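I opened the notebook to look up a helix, a sheet and the packing inside. The entries follow in that order.

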Amino acid sequence: MKYQLDRRLRLLTEPEHKSLYSWAILEVDERGQVLGRDQIPWVWTLTFTATEVVLGDILNLKDGEKTEGRVDSWSERSQSRVIRCKMRPGDSHSDKDWFRRTTYKMFGTDRILQQFQLDITALDTEEEDEECRAWGFVAYEYRDIRTQSDDDMVGFNLQVKPATFARYAQRIAEGSADEIVLSVGMVSGFYSDWSPDVVTQDVKILAPGKEQAIELPVGVEFEPPRLGRVGEVRLYINTARVAKTLQSNETELPDEPRESLVRPDAALPQFADGIDPKTTALFVSLQKTGKWIIWLLVLLIVVTIWR
């Protein structure tokens with residue numbers, strides 16, 4: 001198995017700004033030249049938004065004793081459910097603010113990480129404590145019958161109480177989970193350069209395992225934090241309903257309901273024949289008056305002629 005690493009990692013125990021941090025991780029090239037700035041644990045909040053959501057049911061069976069090639073019983077049988085989300089970095093707030101956008105890269109590479117995942121599962125009992133853990137790996141190639149590869153990956157496993165999971169699953173099944181946002185802080189294995197601000201544009205990730213080996217100074221025994229514990233978690237499952245507005249070049253279909261946020265003016269009263277009875281009486285009255293006027297004009301003309 002060949003891991004796609006381009007840089008070596010080195011632990012710095014005597015940083016220039018020791019009043020700000022006591023140690024850091026450096027990336028160096030083949031000649032030992034330092035690349036980039038000192039990287040220290042990043043503890044502030046970072047967000048991810050779901051782009052795809054799958055509600056899956058899993059059935060696990062394992063063969064038991066066999067008699068004449070037939071299975072008499074199952075030695076293991078279990079069922080489980082999982083909510084699996086494909087995630088992207090950021091949320092609606094960071095999308096509008098370039099300064100708040102964050103890119104992620106594995107230590108030892110300069111590749112922008114594209115694959116993020118969130119798995120939500122249920123604990124066995126309501127009494128257990130909910131928790132979230134992070135995991136990941138560096139891109140690698142391997143060969144069995146043919147050469148295959150996997151890209152850099154980071155995921156979060158969130159375990160919640162059974163009742164909470166059932167509520168989440170119901171919302172996803174009924175289609176009311178329009179937006180899922182994961183906010184995490186104090187993620188073990190997330191690093192960035194020192195900043196007086198609580199936002200960062202670049203995060204480096206140290207995955208579990210020995211692939212991203214760190215060169216230690218002589219006489220120093222120290223293992224920097226790798227992906228694992230997540231100290232702060234917030235999960236938002238939002239229902240978004242926006243009233244539809246027509247553009248100037250659009251025509252609303254007569255059978256398409258549309259809810260308006262603006263209260264319409266009071267409708268004019270309608271009548272069975274479409275005309276107000278008072279108005280009808282007025283028309284009849286005017287019609288009769290008009291006939292009398294015509295007859296009077298005819299009479300005046302006749303009298304004038306006879307004279």
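I checked the length of helix H2 (residues 162-174) first: at 1.5 Å a residue its 13 residues should span 18 Å, and its end C-alpha atoms are 18 Å apart, which agrees. The expected span is 1.5 Å times one less than the number of residues. Helices are DSSP runs of H or I with at least four residues, strands are runs of E with at least two, and both are numbered from the N terminus.

The model is predicted; local features need pLDDT of at least 70, side-chain atom pairs count only at pLDDT 80 or more, and totals for chains, interfaces and linings use all residues. I number residues from 1 along each chain as its sequence is written, and side-chain values use heavy atoms, without hydrogens and water.

Next I asked which residues of H2 are buried (under 20% relative accessible area; exposed is over 50%, partly exposed in between; 1.4 Å probe, protein chains only). They are Thr164, Phe165, Tyr168, Ala169 and Ile172. Down the axis of H2 they fall within an arc of 130 degrees, taken from the directions from the axis to the C-beta atoms, so they line one face of the helix. The face turned away from the buried side carries the exposed residues Gln170, Ala173 and Glu174. Gly175 follows H2, with a positive phi near 85 degrees.

Then I looked at the sheet: 3 strands form an open, antiparallel sheet in the order S1-S12-S13. Strands count as paired if DSSP finds at least two bridges between them. S1 (2-3) and S13 (147-150) are at the edges with a single partner strand each, so one side of each has no neighbour in the sheet.
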